[in-house]
Every structure is written in C-alpha cells, then in structure tokens.
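Let's take a walk through a protein model together. Have a look at the picture first, and then we'll go through it piece by piece.

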Amino acid sequence: MLDLAEIRRYAQTYFAESTGCHGWDHTERVLALARRIARVEGADLAVVSAAALLHDIGRREESASNGTCCHAARGAEIACQFLSSQAVPPEIIQRIVHCIAAHRFRNSLAPESLEARILFDADKLDSIGAVGIGRAFQFAGEVGARLHDPAVDPANSRPYSMEDTAYREYLVKLRYLKDRMLTATGRRLAAERSAFMDTFFTRLNDEVAGVR
Ligand SMILES: [Fe+2]
Ligand SMILES: [Fe+2]
C-alpha cells in the first residue's frame, strides 16, 4: 500500500542541491531512529517511515523564502499531493501528513498521534549526542564561526556570526532538547545522548583552557 522505495526516491529529489547539516543524510538518520522508536512504542511502522522520509521536503521553499514559509506546513501540503497521486487511502495520507505538519512543534500544531510524537522525537534526537555535536560544528563552519569561545554570552551573541559556535548552540538550545521529548523511548535515548554532549563540552572547555 505504501511504497517506501518510491517515497524515498521522490523525497530525495527535494535535496538535490542540499548540502551540509540540512542535507539528505539527516532524513536517513531520522528514518532509522523513528523506526527504532516505533518498534518499541508499538506504532504504525509504515506511517512513521513515510512521514520520516517526507518530513523535510518543504525545507527548500522555507530557505528560498528566507523563513517566511514554514517547512513543516509546506512539506505537509506537498506530501499530501504526492501521496494522493500514489493512490494511498485518504485516511493513511491524513495520518502521514499530520506527522509532517506537526514535526516542528514550537508554538504551532502539536503532535496528536503516537506516530507524530515519534517523528518529533527522532527529529530532535538527531540534533543531540555525537551526531548533534557533529552537526553543530558543521553548521558553525558553514557560517564561518570560531571553533570555540568558552566565554560566549548566549544572550549577547548573534546567530549566523563569528560568535555562532557549536558551544553557543549547545548553551542556547541543544542541552534543553532532552526535556522536550514526547515518548518514553525518546526520553531515554535523549537522556543518554545529552549526557554524552555534556561530557564533550565540559572536556572541550578543559582542553581549550589547557588543563587536560
Ligand atoms: Fe524539519
Ligand atoms: Fe528534520
């Protein structure tokens, strides 16, 4: 009923020019994590997989609009059109589309289904732990930030600048993500990843200070 190989092929076309921390690799990692969580939580594996593959296809339009278009909402629209063309039953389309539309969840649409909560957790988990550290440094490199500034003041430093280090991202956002998880499995994985990140940045400060 859901042809995941075809969905992957279609979703990948939206990442042809994407590089770095927003490249296609992120989607494959989110897919693997979401499937793992879905098995433990007893969710619908097909719905979770399709939603994970399609969750960021709106990102290109968000970037092109300088952030005025929300990639979750736009991605949900594009996915709805595509899945309708694949003769997927409307009830299944609606469940997949909700996951995509709610995957950002700040002040917007809340994830209401188990599958949507799993996609949310998997997407956030890819920002923490060893992968999260790697992505934070990759992003900092892309905006020309310094390797490290242990004295950075998160309240008085600008994003997309020399001061936008991986450590700043950790202080401002990454260290709090573990508290936002929506499933028990997500919380468990996030706690472990977050502890690793805490250890890494503590050590980075020590090494930069020359005490280790
Ligand atoms: Fe996203
Ligand atoms: Fe994502």
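Is Cys70 buried, partly exposed or exposed? Cys70 is partly exposed, with a relative accessible area of 30%; buried means under 20%, exposed over 50%, and partly exposed in between, using a 1.4 Å probe and protein chains only. Before we go on, some housekeeping: this is a predicted model, where local features need pLDDT of at least 70 and side-chain atom pairs count only at pLDDT 80 or more, while totals for chains, interfaces and linings use all residues. Residues are numbered from 1 along each chain as its sequence is written, chains are lettered from A and ligands numbered from 1 in the order in which they are written, and side-chain values use heavy atoms, leaving out hydrogens and water.

Back to Cys70. Its sulfur is 7.0 Å from the closest cysteine sulfur, in Cys69, and that's too far for a bond.

Now for the metals. The iron ion (ligand 1) has Asp56 (OD), His71 (NE2) and His103 (NE2) as its protein donors, lying 2.1 Å from it. Donors are N, O and S atoms within 2.8 Å of the metal (3.2 Å for Na, K and Ca), and since water is not among the atoms, sites may look incomplete. His71 sits in helix α5 (residues 71–85) and His103 in the loop between α6 (90–101) and α7 (114–125), so this pair ties together parts that are 32 residues apart in sequence. Helices here are DSSP runs (H or I) of at least four residues, numbered from the N terminus. His71 is buried at 3% relative accessibility, and His103 is buried too, at 1%.

The iron ion (ligand 2) is 3.4 Å from the iron ion (ligand 1), and Asp56 coordinates both. The protein donors of ligand 2 are His26 (NE2), His55 (NE2), Asp56 (OD) and Asp123 (OD), lying 2.2 Å from it. Both His55 and Asp56 are buried.

What about charged side chains? Side chains of opposite charge can pair when their charged atoms come close. The structure holds 17 salt bridges, each a side-chain nitrogen of Lys or Arg within 4 Å of a carboxyl oxygen of Asp or Glu. One of them joins Arg95 and Glu91, whose closest N and O atoms are 3.8 Å apart. These two are four residues apart in helix α6, so about one helical turn separates them. Arg95 and Glu91 are also linked with Asp44 and Glu115 in a network of salt bridges.

How values were computed:
A disulfide is a pair of cysteine sulfur atoms within 2.5 Å.
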